[in-house]
Amino acid sequence: MKLAEALAERAEATRRVEQLRSRVVGSARYQEGETPPEDAAQLLADADEVLDELESLIRRINRTNAAADLGEHGTLTDALARRDVLRLRHSLVTAAADAAAGAGERGYGRQLRSELVMLSALPVAELRGQADALAREIREIDVRIQRANWEVDLLD
């Protein structure tokens with residue numbers, strides 16, 4: 001099985017657990033004299049089985065990510081960490097540029113000469129350029145990660 005297939009299975013198992021959780025909550029209490037919609041105890045047992053499978057799958061995915069070598073970029077785990085930090089950095093730089101540009105502020109411009117003038121404390125154009133470069137780097141690392149997901153076999 002390829003890593004990408006295992007990731008899809010992990011996502012499906014996570015959705016299944018959430019569905020079972022919702023069904024357990026809906027069946028956990030019922031009025032006297034009525035029948036519960038489903039057997040909550042059996043649903044819990046089903047969820048427990050899915051969670052055991054999910055744990056095993058996550059362990060295998062993590063082992064594979066730590067062992068998969070992407071060459072100069074380190075392991076797949078290193079690439080995932082880099083992508084996460086790049087996304088946070090992009091979000092920070094974009095928020096700073098938006099704030100410096102006055103995005104979201106009503107009445108940014110002055111109406112009277114006596115009103116206070118709002119000035120930017122940061123170079124907006126430079127920040128936008130940094131955000132563009134970060135977005136490009138995120139796309140490039142995403143491509144490497146996706147390629148590895150379809151090329152790397154899942155470890156036991």
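Predicted model: local features only at pLDDT ≥ 70, side-chain atom pairs only at ≥ 80, totals over all residues.
A residue counts as buried when its relative accessible area is under 20%.

**Helix α4**

- Helix α4 runs over residues 124–151 and has 28 residues.
- From first C-alpha to last, α4 reaches 41 Å, close to the 40 Å expected at 1.5 Å a residue.
- Asn149 sits in α4. Its relative accessible area is 7%, so Asn149 is buried, because the cut-off is under 20%.
- Setting aside neighbours within four places in sequence, Asn149 is in contact with Lys2, Leu3, Ala4, Leu7 and Leu76.

**Helix α2**

- Helix α2 covers residues 40–67. Its 28 residues should span 40 Å at 1.5 Å a residue, and the end C-alpha atoms are 40 Å apart, so the two values agree.
- Asp39 caps the N-terminal end of α2. One of its side-chain oxygens lies 3.1 Å from the backbone nitrogen of Ala41.
- Buried residues in α2 include Ala40, Leu43, Ala47, Val50 and Leu54. Leu57, Ile61, Thr64 and Asn65 are buried there too.
- These buried residues pack against α1 (3–27) and α3 (76–101).
- Ile58 is also in α2, but Ile58 is partly exposed, with a relative accessible area of 32%.
- Ile58 and Leu116 are 58 residues apart along the chain, and their C-alpha atoms are separated by 56 Å.

**Nonpolar cores**

- The largest nonpolar core has 19 residues. Within it, Ile61, Leu76 and Leu154 touch the most other members.
- Helices α1, α2, α3 and α4 each supply at least two residues of this core.
- The largest share comes from α4, with seven residues.
- Leu76 touches Leu3, Asn65, Ala68, Leu70, Ile145, Ala148 and Asn149, not counting residues up to four places away in sequence.
- Another core, of eight residues, lies apart from the largest one. Among its members are Ala13, Leu20, Leu43 and Val50.

**Salt bridges**

- The whole structure holds ten salt bridges.
- Lys2 and Asp153 form one of them through their side chains, at 2.9 Å from N to O. Lys2 lies in the segment before α1 and Asp153 in the segment after α4, so the pair ties together parts 151 residues apart in sequence.
- Glu12 and Arg15 meet in a salt bridge at 3.1 Å, N to O. Both lie in helix α1, three residues apart, about one turn of the helix.
- Glu12 counts as partly exposed at 42% relative accessibility. Arg15 is partly exposed as well, at 46%.
- Asp156 and Arg60 also meet in a salt bridge, at 3.2 Å from N to O. Asp156 lies in the segment after α4 and Arg60 in helix α2, so this pair ties together parts 96 residues apart in sequence.
- Asp156 is exposed, with a relative accessible area of 72%. Arg60, at 21%, counts as partly exposed.
- Arg83, Arg87 and Asp142 are linked in a network of salt bridges.

Conventions. Residues numbered from 1 in each chain as written. Heavy atoms only, no water. Helix = DSSP H or I, 4+ residues; strand = E, 2+ residues; numbered from the N terminus. Expected span 1.5 Å × (residues − 1). Buried < 20%, exposed > 50% of the residue type's maximum accessible area, 1.4 Å probe, protein only. Contact = heavy atoms within 4.5 Å. Polar contact = N/O pair within 3.5 Å; in protein donor to acceptor, adjacent residues only side chain to side chain. Core = buried A, V, L, I, M, F, W, Y, C linked by side-chain atoms within 4.5 Å. Salt bridge = Lys/Arg side-chain N within 4 Å of Asp/Glu carboxyl O.
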